[in-house]
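Me: I'd like to learn how to read this structure. Could you take me through it feature by feature?

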Amino acid sequence: MPNDLYKLTAYEIRELIKKRDVSPEEAASSFSDRIGRIDDKVNAFISYDKENIKEELKRIKGKEAGALYGVPVAVKDNICVEGRLTTCGSKILEGFKPPYNATVIENLRREGAIVIGRANMDEFAFGSSCETSCYGPTRNPWDLERIPGGSSGGAAASVAAGEAAISLGSDTGGSIRQPAALCGVVGMKPTYGRVSRYGLIAFASSLDQIGPFARDMRDCALLLNVISSYDPKDSTSVDRKVPDYTNALVNDIKGVRIGIPKEYFIEGIDAQVKDSVSSAIKLLEKLGAKVDEVSLPHTDHAVSTYYIIGPAEASSNLARFDGVQYGLRAKGPLLDMYKDTRAAGFGDEAKRRIILGTYVLSSGYYDAYYLKALKVRTKMREDFEKAFESFDCIVTPTSPTPAFKIGERVDDPLSMYLSDIFTIPANLTGIPGVSIPCGFAETDLPIGLQILARPFNEEMLIRVGYTFQENSAFHKKRPRL
Amino acid sequence: MTTTAKYETTIGLEVHVQLSTQSKIFCGCSTKFGATANTQTCPVCMGLPGALPVFNRKVLSYAIKVGLAVNCSIAGMMKFDRKNYFYPDLPKGFQISQYDLPLAANGELVILTGGVQKKIRITRVHLEEDAGKLIHVEGEDSSLVDFNRCGTPLLEIVSEPDIDSPQEAYDYLTELKAILKYLGVSDCNMEEGSLRCDANISLRPKGQRELGVRTELKNMNTFKGVKNALEYEIERQEEILEDGGRIVQETRLWNDAAGKSSSMRSKEEAFDYRYFPEPDLVPFTVDKKLVGSVRETIPELPRKRYERFLSDYKLPVLAASTIVQDKDTADYFEECATLYKKPHIIANWITGDILSEFNKRFSSERNATIMDLGIKPEDLVEMLRLIDKGEISGKIAKAILPEMIETKQSPDEIVKAKGMFQIKDKDELAKILDGVISSNAKPVEDYKNGKEAALAFLVGQVMKATKGKASPKIVNEMLKERMGRP
């Protein structure tokens, strides 16, 4: 008889376990049964097996005081877990089991969390739809004909569908926030340097950041507490005290200055998205926030800048997948081995980005593309610094449209790339951003509201997000599955 | 000078030096040479997905030390770049190196070449990580990779094309190695690969201003090999030019056994390394205080010490340059010199018997120093004093030296134990002399008739009879006295 613990939040599960009303085994089996029942349809997981869960349950013995003791967490398949398949959704990592844990996994385990399964993703996080995974697309729990967003589509869908209480994704250009918006959950990209990247298989090192998915702001804060840390193993992580983010769960935004960037309400933005976001802003104003227009003049260049820097770094980061040490290896003499391994191992989108990145770094083109992109990046940072002189946070739509149909944009990379138009600037500038549910399109498709704040001011995101959530009910609605 | 009658040679050298820090440049793995393959590795130096580099600050001090020693200015900012290329010994598919902002630049090195000093400008000194090693198994159609060397800190020292001949290149390398050894930052062992050298070389007709087309030479395993490869290349280029041909810009691989080089790749096939800033390592300011404190740790360098040995000890040029070459030898010399005030005699012994004993015993051992012979400075000095006092002859001293090394006894103990003292008792000596005179009537007669060579023969006979324990000087005098020709 299946129990329905899977419907609860991580916080609620944790409380029940603390009171001994529920055991970690019961919680885990509720979620694993749920996965067994619906994941054929959703395909949120690349790997998941009950043996691993048994091992995880054994591992948490003695961690009863942990902040996430017994809470099942889905982990995007680009975060290394020792001895477990870690695929990045790519054939080229066939059979690869890392001999070490990512720092976030160490942090999760220290607090007694259970890794319930490995979430599906666009290959190497290249994509906004979760369609480029070699393990097949993840489907949006709200409408199985539609994409869940990407690249952390599996991590978003698993939380939306009740296959995990919370999950970890990674966000390079919106890969947490956009699928969070499209799946109707909370998804946060913390400040660059807040969460260790050690053990995250890199897409673009200067943009990547691991972050939480959750059903509400409280769970998001709980998970952020656990994964945030200064890590001497990651030179880009920042040695800064981690506050207790749950202290920012305050239902009060009186006097908070919210900027609405005029450049973000562009043509081509879906009318229902526009309406929902406008209503959300009105609600925030009603709750006491001071809302005003702000300008981020370099917004126009965000996507092109991102598609230079991201692929440039990716082309270099992915060079290690050469068939020599691990993963797929084609037969033949060295040069053929290289070529055939990479031809067979990478999908189209990965190849497209490797070629793009190789091109922009080539001698003779470097200054025109990469160097210029770095300069624009600096300009964008200045835009935000200026904006944050007058505003505590900036509110925008997360994605210009709700979830689109599977296959709709596969052959049109440019329209696919544009779905990250509002999320990319936070990665280029390193600032934190969160997407929270703020409405539904007619066909019952979730719409997300993005909140951005100053570097290391995740508390502002939590406070504004929590206040909105406590005064609305969008986050409570669940897909029928 | 190898420069031919018609052409001038221009050479620039790129030297790679492994720094002898205990751990690697971006992880904590050991850098020890000779371990079992792939035992000194971790996810970071193996370039496993998700692993990240962390800069070992110890490496920075070592590198700054070298930069300062070759008179470079040290950059205010430390920044790494990625050099992208595919090779199985490079597990990440890129090497972390420095591109547009080397740690140190614009230096110079004074070398001693052909008896004169010459300045060679240093373009840059930058840090990077070493790659692994491919092992080709005889009879197999595949190769193996040993990643132990991956991530060993490597310093690249690039000279300006200020070198005019293969001999100068050799002298530059000798000087550079001496400096690095003085600094204690590298083993500088070419056979083990802790020092490697690539050479750029071009020829131009005498009087022509612009440089000729250059080739790059790789795979030289000894300083001598560098010299030979350059000599070969000069001949090769000259022949082409003489035949009216053109030099192709290319990289050539030296084959030491065959004594020739062959083309490896042309300029057209050269890699585009797609350098860009390493995003996993944050640039940081090089602390001026650190540079200052590193500067204080730099010892007197060989060229300066050479000058001082000439002026303070009045050593001959050759002895001074031989001794300063190696810091331990020079330290040893100076220790002895504080105890014994005839520096040229110490120098003779060091450059003669002592170094030859050292080479005999330690030639194949790396990192052995003159101190490993076990001759304490005070013992050497004691031996020299025994000679001065006439207690032993120079010849006996030469015999005592190996004894000192073998037995670790003081010269006094050895002399006593073996009864090697010179016979100073004139009565005892007189008896032996009389014996020699009476049994060598002919030479005695010859000497008396003015044949000086006969005296030397007689002295030799006495030395033989005393097993070298007589002072030749005294024997000489006594013989003359006895044969009536004082």
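Reply: Two strands pair if DSSP finds at least two bridges between them. Keep in mind that this is a predicted model, where local features need pLDDT of at least 70, side-chain atom pairs count only at pLDDT 80 or more, and totals for chains, interfaces and linings use all residues. Residues are numbered from 1 along each chain as its sequence is written, with chains lettered from A and ligands numbered from 1 in the order in which they are written.

Me: In what order do the strands of the open sheet in chain B run?

Reply: Strands of a sheet pair through backbone hydrogen bonds, either parallel or antiparallel. Here the open sheet has 9 strands with mixed pairing, in the order β2-β6-β7-β10-β1-β11-β12-β13-β14 of chain B. β2 (73-74) and β14 (260-266) of chain B are the edges: each has a single partner strand, so one side of each is left without a neighbour in the sheet.

Me: In what sense do β11 and β12 of chain B pair?

Reply: Strand β11 (residues 195-205) and strand β12 (residues 215-220) of chain B are antiparallel, with 4 bridges. For a spot to look at, find B:Asn200, which sits opposite B:Glu216 in β12(B).

Me: Which strands does helix α2 of chain B touch?

Reply: Contact means that the C-beta atoms of two residues, placed from the backbone, lie within 7 Å. Angles run from 0 to 180 degrees between N-to-C directions, using axes fitted to C-alpha atoms, for helices over the stretch in contact. Helix α2 (residues 166-183) of chain B packs on the sheet against β1 (7-18), β6, β7, β10 and β11 of chain B, making about 115 degrees with β6(B).

Me: How many residues of chain A are in contact with chain B?

Reply: 32 residues of chain A are in contact with 26 residues of chain B. On chain A's side, α9 (302-317), α10 (334-345) and α11 (348-361) each give two or more residues, and α9(A) has the largest share with 3 residues.

Me: And how confident is the predictor in the complex and in chain B?

Reply: The complex gets an ipTM of 0.96 and a pTM of 0.91. For single residues there's pLDDT, the predictor's confidence in each residue, from 0 to 100. The mean pLDDT of chain B is 92, and 98% of its residues reach 70 or more.
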